[in-house]
Amino acid sequence: VIERWSDLSKMQEIFLDATLLLMLLFPGLYFLLFRPLMKHIEERKQAEQDLNSAKILNEEANKKLTAEIWERRRTENTLKESEQNLKRAQYVSKTGSWLFDWNKKSEVWSDGCFHLFGLRNEEFSDNIVPKSIISGFYKNPEETEGLLESLAEKNDTFEIEFETVPINGKEKIIHSYCEVERDNNGNKIKIFGTDHDITDQKIIENQLISLNNELENAIEESNK
């Protein structure tokens, strides 16, 4: 019995020594194993939170970008529709617009202007028409150009009518409304203008004048 008690006492001492050893080693185990593990877990949680935040920001950015793209497309479609409406309106009303560069001696024409003078805009780079071609449409080039330069020199806005050479077999009468752009010294820089084919109106106007003259002559004859 005494021997068995002695063996039991030794086992308890070993167990107590082992427990004490674990208690002494536990702080070391915490710093060596558990603390890095906990730090890794915290860093991973933070990374997940950052990732979720980034996803939310990315979704918001995508929504904003999508909205901007749709708005840009809507604006482009509206602009194209406006351009088409302007082109159609100029065709129907027999009008065109142009911008004359005084230094380059050339004009930028609208599609309506090309249609008005029977030219194809595909044949001119950036719709730029040189003055030499423009002058070729005037029935009286020297007279018309001299009047244009004189009016532009003295006025910021002016109107002029001129006759053309036959265009697609028909002479035309064009009414132009012009606005002059000047630099700080008053020198001409550009002229913006609109051309209107008033040939049909002039024909009707001349017919009315002729009928009115005939009526007046008939009245004079009847009163004799």
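**Exercise 1. Find which element of the protein chain has the lowest mean pLDDT and which the highest.**

Step 1: This is a predicted model, where local features need pLDDT of at least 70 and side-chain atom pairs count only at pLDDT 80 or more, while totals for chains, interfaces and linings use all residues. Residues are numbered from 1 along each chain as its sequence is written, and side-chain values use heavy atoms, leaving out hydrogens and water.

Step 2: pLDDT is the predictor's confidence in each residue, from 0 to 100. Helix H1 has the lowest mean, 67, and strand E5 (residues 173–182) has the highest, 95. Helices (H or I, at least four residues) and strands (E, at least two) are DSSP runs, numbered from the N terminus.

Step 3: Over residues 1–8 the pLDDT is below 50, and this stretch has zero contacts (heavy atoms within 4.5 Å) beyond near neighbours in sequence.

Step 4: For the protein chain, the mean pLDDT is 80, with 81% of residues at 70 or more.

**Exercise 2. Is serine 135 buried or exposed?**

Step 1: Locate serine 135 in helix H3, which covers residues 131–135.

Step 2: Its relative accessible area is 16%, so serine 135 is buried (under 20%; exposed is over 50%, partly exposed in between, with a 1.4 Å probe and protein chains only).

Step 3: Now look for its partners. Leaving aside neighbours within four places in sequence, serine 135 is in contact with Pro141 and Glu145.
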